[in-house]
Amino acid sequence: MKALFSKENGINAIRIGAFLLLLLLVLSCTYRVLSWKDTAGDYLSCREMLDATPGDTVDVFFAGTSHVYCGIYPGVLWSEYGIASFDLAVSDQTKEETLAYLKNACKKQSPKVVVVDLFALTYDTHSEPGNLYRNLANLPFGPEYVKLLGQEVSKEAFPEYLLKWPIVHERYAELGKYDFVSYPPSRFVKGELYSDLTESLDPASLQSIPAGELSDTNVAFLEGLLELSREEGFIPVLTVLPFSQTTEAGEQISAAYSYAENAGINVISAEDIMRLCALDPAADFRDGSHLNASGAEKVSHLFGEILATSFALTDHRGDLRYASWDRDLIYLEHQKLLSYLRQTEDAAQYLRCLSSHPDLQVIFSLEADYMERNNIYYEPLSAFGLTYEEYAAGGKWITQQGKAQLLHPNDPSAKPVTKKLEGGKLLQTAFHGDLSEQNLLLDGEDLSNQFYFLKVIVYDPLTGEILDSKGF
Amino acid sequence: MLFNSAAFVLFFPVVFLGYLVLPKRLRPLFLLLASYFFYMSWQPKYALLIAGNTLVSYCGALLLERFAGEDRRQQNIRKRIVTGCTCLSFAALFCFKYFDFFLENVNAVLRAFGGGGMTNPLNLLLPVGISFYTFQSIGYLIDVSRRKIAAEHNLIDYALFVSFFPQLVAGPIERSSSLLKQLKSLKEKTPVTMEGLSSGFALMLWGYFQKMILADRLSILVDGIYDALPFAGTIETLAAMFGFSLQIYFDFAGYSAIAIGCARMMGIHLMQNFRTPYFATSISDFWHRWHISLSTWFRDYLYIPLGGNRKGRVRKYVNLMITFLLSGLWHGADWTFVFWGGLHGFFQIIGDLKKPAEERLMRSLGLKEDAGSFRFFRILGTFLLTSFAWIFFRAESMKQAFLLIRRMVSGFDPWNLMNGNLYTYGLDRLEMGVLLAGLLIVFAVSCLCKRREEDFGSLLYRQNLPARFVCMILLATLVLVFGKYGVHFDSQQFIYFAF
């Protein structure tokens, strides 16, 4: 025993400890880079968004699959009714995951109402293995994670999922910028994903189907939800956001409605939503399973109205603790704007639309023979306070609260100008000749006019990212 | 339980900690239980085979001790005991590994003479590592009969010698004079040292690097080309041939490094199994560097007893051929393995025959044998010959092996080196880049190891502490990130587990 505590052993123990500590540090940093961050697309991570939301602020959770994050915009509920809601939803989310996510979310939040979309009742396993480990990564390591593993993962694969590394290490082949720095929207978005795609649906596929027999796993899920609602003190509401359903899926969902009716749970059925929102199968769907932006806005309005009138929810607008919902709303509006900008080819329309968004910074550059185009750019640019003389001289401008400030004239002798933008991006302007390269750089990316007389870059200070850039 | 499985990552630290904290007298028993647990995690019932093999050789050795006299009668009895025990051990090996192959050939002969098949094959699942522990226990019996060592009386110590988990399933095939002695001493002293811990851990990491980053990546490329052999040309078939040469080396050397490192951490020294074999300057030199524990086993227990090189040139070549053909058969129950062994025997005989002529030619041309360029071409030549022989080892049949050779000769396509066609066999540019970078690292380290005549673990241990830390952390991170494992990847079993 004496030998065990000798000086030499002590030094060796310190060395081993230091080595293990360093190894853990390096591995944890590497894991942060490799870990899944994307549950809704483009690094928009539900877990990171929830972690970034202040504790005890969420009043309503919308839980479910991609149907939820495509179909419910918390920004709409916030702007219309001041309801602090959150989409607790990832792609292909199973029933077990829904309960586990809710349980985990309730550790930090005290929701009054939880609206659960029942699409997950139509399947028992993920459609792709990729979704299984992506969804598992959405839950922090702990007893809930281990319990969920036991429910969803085979005995053989259990250790690999438990260690997590074997799941994510192959991501080295697909690492991008946001694996190294956090994705800005994940800091304030409330779970939704904006989508402006449209696909026409057959109205017949949206009609209700008579109830079948509720499967054992579905009964267990609904019982589990009721138990959780009692434990955590929230009111459960069941819903189904309209989707093109098969007979089997429709039977399970109708059976769940019956179950809810017997158990005294509130239900807002897909048929109610179709009718009350007057959803158009030709215009309000992204694909057979998801609503698009137009449909989501209508449905979000409906839920806002129902929640505001049926439950005693506080209007939190103006409360500083809820500032992230304001940012979420701005982000949603910017997404809407982006959708419009991408479809607009006319410079005048493009600029006019931007002039009504003073919170965005517009960087524009006029070079070469633009004056020969009958001043087509002048009228919309004058909305940013540009005089005709300034317009005729050309150069590079940036707007601040909707007012244009000259950054650099089209003069080769003028010194290059560097400006740090809100959000951290570095803007560099110079003039090496008309339509030359390196005249306009944003964080090293060359956004010079090159082939265009007018180049417009829309910078979003909220995210510190370029929202759009276009040449005319 | 595979060394590159999550289960082993959990198993080894637990066993190591238990080994450290348990009283010394309990250590052999603890390691024995851990070894059986390790083996049974794969197929519990096959633990009975090791137990049976252990009991046969244990009792055989005790019997040998009773007939230790020098008179002829006692010598004959000893011979019978060794033969009996060896036959019993080989009977199990034959049933599980060779019976179906034997039957297949007998049936083929019967059919050729118009007869019918004898019976159905057994289709038994090959017990992992059966060839390794069978050879190890037979080696022990022969050593006892030759009175090189005394028979072991403690069954736990002996059972641990046969089933010691780091080398149980794929060697190195240890000698009782080394391993058994060390295992017996566990009860008296604590063999764990800082040097053993550090160099053992580094060696394990190095083994993982070779197995998981290189061998498993190469296997994707090699398998891809073998699957598309009828359409492959010269470049692809050459890539498959050289790729497999490297794959099998990194696979087996990687496994051996993990096994040796694992044992070294516990203060147990296992014999070196590889000494940069692809730096060999002749086939004979290659066999002094490749799977050393097996080649020395065959040398000591087969080649020398057959007469070795003491009974004339012809007999020497016959002995050499027998040894290599059996070595080929040891690797697998298929004619491809036998052919591979025969090819190596043939290369050695030719090498020996051409030696006088070669020496005369060198003298007349004034060539220096120790010149770097001359050594380089000899290394290259040896690598080409061993790589060629590996074609038969890798092929699923002789037909497939000859198809590959035919495609190699007839499918002229040097443009495939440039047009990116090689990236279509499962390794894209990034993966190929990782592979090449890994190969460069291994090449550099191998050169250092060869120059210093020591393994990676010992080499690293002689560096300063910060350098050791950086290397080990870097290796661990590289393995964890770039290693081929996990849910997406069907982990390749260590190739030598099948033998």
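Student: Which residue in S10(A) is the bridge partner of Thr418(A)?

Tutor: In this predicted model, Thr418(A) has Gln428(A) as its bridge partner in S10(A).

Student: What makes S9(A) and S10(A) a pair of strands?

Tutor: Two strands pair if at least two bridges are found between them. Strand S10 of chain A covers residues 426–429, and S9(A) joins it through four bridges in the antiparallel sense. Four bridges meet the requirement of at least two, so the strands count as a pair.

Student: In which sheet are these strands found, and in what order do its strands lie?

Tutor: They belong to an open sheet of four strands in chain A, with the order S9-S10-S11-S12 and antiparallel pairing.

Student: What makes a strand of this sheet an edge strand, and which strands are they?

Tutor: An edge strand pairs on one side only, and this holds for strand S9 (417–420) and strand S12 (445–446) of chain A.

Student: Which pair of strands in chain A has the parallel sense, and over how many bridges?

Tutor: Strand S1 (residues 60–64) of chain A pairs with S2(A) in the parallel sense, over five bridges. Within this pairing, Ala89(A) of S2(A) stands opposite Gly64(A).

Student: Why is S2(A) described as largely enclosed?

Tutor: A residue is buried if 20 or more other C-beta atoms lie within 10 Å of its own. Five of the five residues of strand S2 (residues 85–89) of chain A are buried, so the rest of the structure largely encloses the strand. Both faces are covered: Phe86(A) and Leu88(A) are buried on one side, and Ser85(A), Asp87(A) and Ala89(A) on the other.

Student: How many helices and strands does each chain have?

Tutor: Chain A has 18 helices and 14 strands. Chain B has 20 helices and zero strands.

Student: Why is chain B called as compact as a globular protein of its length?

Tutor: The globule rule gives 23 Å for 499 residues, and the radius of gyration of chain B is 24 Å; these values are close, so chain B is as compact as a globular protein of that length. Along the principal axes, its C-alpha atoms fill a box of roughly 70 × 65 × 55 Å. Of its 499 residues, 42% count as buried.

Student: What share of the 472 residues of chain A counts as buried?

Tutor: The share is 40%. The C-alpha trace of chain A spans about 80 × 75 × 40 Å along its principal axes.

Student: What are the domains of chain A, and where do their centres lie?

Tutor: Chain A is divided into domain 1 (24–335) and domain 2 (345–471). Their C-alpha centres lie 40 Å apart. Six residues from domain 1 of chain A and seven residues from domain 2 of chain A take part in the contact.

Student: What are the domains of chain B, and how many residues does each give to their contact?

Tutor: The assignment gives domain 1 (6–191) and domain 2 (196–498) for chain B. The C-alpha centres of these two domains lie 26 Å apart. Domain 1 of chain B gives 25 residues to the contact, and domain 2 of chain B gives 24 residues.

Student: How do you know that chains A and B touch?

Tutor: Two residues are in contact if their C-beta atoms lie within 7 Å. By this criterion, 17 residues of chain B are in contact with 21 residues of chain A, so the chains touch. H20(B) gives the most to the side of chain B that touches chain A, with eight residues. By class, that side has 14 nonpolar, three polar and no charged residues.

Student: Which residues touch the most other members of the largest nonpolar core?

Tutor: They are Leu205(B), Phe392(B) and Val479(B), in a core of 136 residues. Helix H10 (residues 234–265) of chain B supplies the largest share of this core, 19 residues. Another core, of 76 residues, lies apart from it and includes Phe86(A) and Ala100(A).

Conventions: Residues are numbered from 1 along each chain as its sequence is written. Chains are lettered from A and ligands numbered from 1 in the order in which they are written. This is a predicted model: local features need pLDDT of at least 70, side-chain atom pairs count only at pLDDT 80 or more; totals for chains, interfaces and linings use all residues. Ala, Val, Leu, Ile, Met, Phe, Trp, Tyr, Cys and Pro count as nonpolar, Asp, Glu, Lys and Arg as charged, and the others, Gly among them, as polar. The radius of gyration is taken over C-alpha atoms; the globule rule is 2.2 Å times the number of residues to the power 0.38. A residue is buried if 20 or more other C-beta atoms lie within 10 Å of its own, exposed if 12 or fewer, and partly exposed in between; C-beta atoms are placed from the backbone. Domain bounds come from an automatic or database domain assignment. A nonpolar core is a set of buried Ala, Val, Leu, Ile, Met, Phe, Trp, Tyr and Cys residues joined through C-beta atoms within 7 Å.
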